[in-house]
Amino acid sequence: MTTPHTDGSTTAHRHWDEVWKTSGGRADWSTPDPWVADTLGLLRDRQVRDVLDLACGVGRHAVFLARSGFACRAVDASGTAIEQSRAAAEAAGVDVDLRIGPMNRLPYPDDHFDYVLAFNAVYHGDRDAVRGHVREIHRVLRPGGLYQLTMLSRRNHEHGKGIEIGPGAFVQPEATDDKVHPHFYCDAAELIAINRPAALLRAHDEEHAAPGSFHWHCLFELAGEAGGRE
Ligand SMILES: C[S@@+](CC[C@H](N)C(=O)[O-])C[C@H]1O[C@@H](n2cnc3c(N)ncnc32)[C@H](O)[C@@H]1O
């Protein structure tokens, strides 16, 4: 069985590294999600400049954010994700600072970003691992910074399947997709608890392409005055 490592690192990127090697695997992940595009107005109102696409996959959102005029960095634990993101940025003619790295030890200094996007990213792991991923987002965000993330909802049809390795976290040893690695599912109260002390600005529980694939879509804000940048 695949279990989380004791240092809080997770293993799902191994699955995704294989997915990203094929054009079929990349096909569903090449267009920015409309929910991300819908946030542009808010980011401009807030005078956001430095942005991070956390667990960027093949770069659909990183390229979109760079094209929209933000100084964009992106990170993923999969080397293939980063190669493919580099090719996508070159093809689009935009600059994205790309790094290979884990979500629980982000290769960035404290207080660096105005905005972090983590789409279908931080829920890979058990509750402690997920809490660690969120803490890293808090560390690299500036006071008053925003972050937007999806989390697996307990309404998701995969919730409760397989072996419960900890509260709300499941592994499906027989799965042929990334559910062979730990995934964490939460309700609204847990969503808020995991993200403390950030304030929840918006959340809705949305079905993705597959029937029953409910994900929370949330926007959080860190406490503090925005705009302390020089
Ligand atoms: C479902 S894909 C989403 C990709 C991208 N955010 C998007 O919306 O197109 C999940 C991504 O998370 C990455 N990932 C999984 N575990 C990770 C970890 N511990 N650290 C960094 N990246 C990780 C995978 O390699 C994969 O690229």
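Which backbone nitrogen does the side chain of Asp114 reach? The side chain of Asp114 comes to 2.8 Å from the backbone nitrogen of Arg49, a polar contact (a pair of N or O atoms within 3.5 Å; within protein, one must be able to donate a hydrogen and the other to accept it, and residues adjacent in sequence count only if both atoms are side-chain atoms). The model is predicted: local features need pLDDT of at least 70, side-chain atom pairs count only at pLDDT 80 or more, and totals for chains, interfaces and linings use all residues. Residues are numbered from 1 along each chain as its sequence is written, and side-chain values use heavy atoms, with hydrogens and water left out.

Asp114 belongs to strand β4; strands (E, at least two residues) and helices (H or I, at least four) are DSSP runs, numbered from the N terminus. At 11% relative accessibility, Asp114 counts as buried, a word that stands for under 20% relative accessible area, with exposed over 50% and partly exposed in between (1.4 Å probe, protein chains only).

Asp114 is also one of the residues in contact with Leu141, where contact means heavy atoms within 4.5 Å. Leu141 is part of strand β5 and, at 0% relative accessibility, is buried. Neighbours within four places in sequence aside, its contacts include Phe113, Tyr115, Val116 and Leu222. The C-alpha atoms of Leu141 and Asp110 are 7.0 Å apart, although 31 residues separate the two along the chain.

Helix α7 comprises residues 127-140. Its 14 residues should span 20 Å at 1.5 Å a residue, and this agrees with the 20 Å between its end C-alpha atoms; the expected span is 1.5 Å times one less than the number of residues. The helix is mostly covered, with 10 of its 14 residues buried. Among them are Val130, Arg131, His133, Glu136 and Ile137. The cover over the buried residues of α7 includes β1 (50-54), β4 (113-118), β5 (141-153), β8 (183-186) and α8 (188-194).

The ligand is surrounded by 19 residues, each with a heavy atom within 4 Å of it. The closest are Thr10, Ala55, Arg60, Asp76 and Phe119. Helices α1 (12-19) and α5 (60-67) each supply at least two residues of this shell. The shell divides into nine nonpolar, eight polar and two charged residues; Ala, Val, Leu, Ile, Met, Phe, Trp, Tyr, Cys and Pro count as nonpolar, Asp, Glu, Lys and Arg as charged, and the others, Gly among them, as polar.

An N or O atom in the side chain of Asp76 is 2.6 Å from an oxygen atom of the ligand. A polar side-chain atom of Trp20 lies 3.0 Å from a ligand oxygen atom, and a backbone N or O atom of Met103 lies 2.9 Å from a ligand nitrogen atom. Of the 590 Å² of accessible area that the ligand has on its own, the protein covers 99%, by the Shrake-Rupley method with a 1.4 Å probe.

Some backbone features remain. Most residues other than glycine have a negative phi, and most peptide bonds are trans. Ala55, in the loop between β1 and α5, has a positive phi of about 60° and is partly exposed, at 23% relative accessible area. Asp111, in the loop between β3 (96-100) and β4, has a positive phi near 55°; its relative accessible area of 44% makes it partly exposed. A cis peptide bond, with omega about 5°, joins Arg196 and Pro197, and Pro197 lies in the loop between α8 and β9 (199-207).
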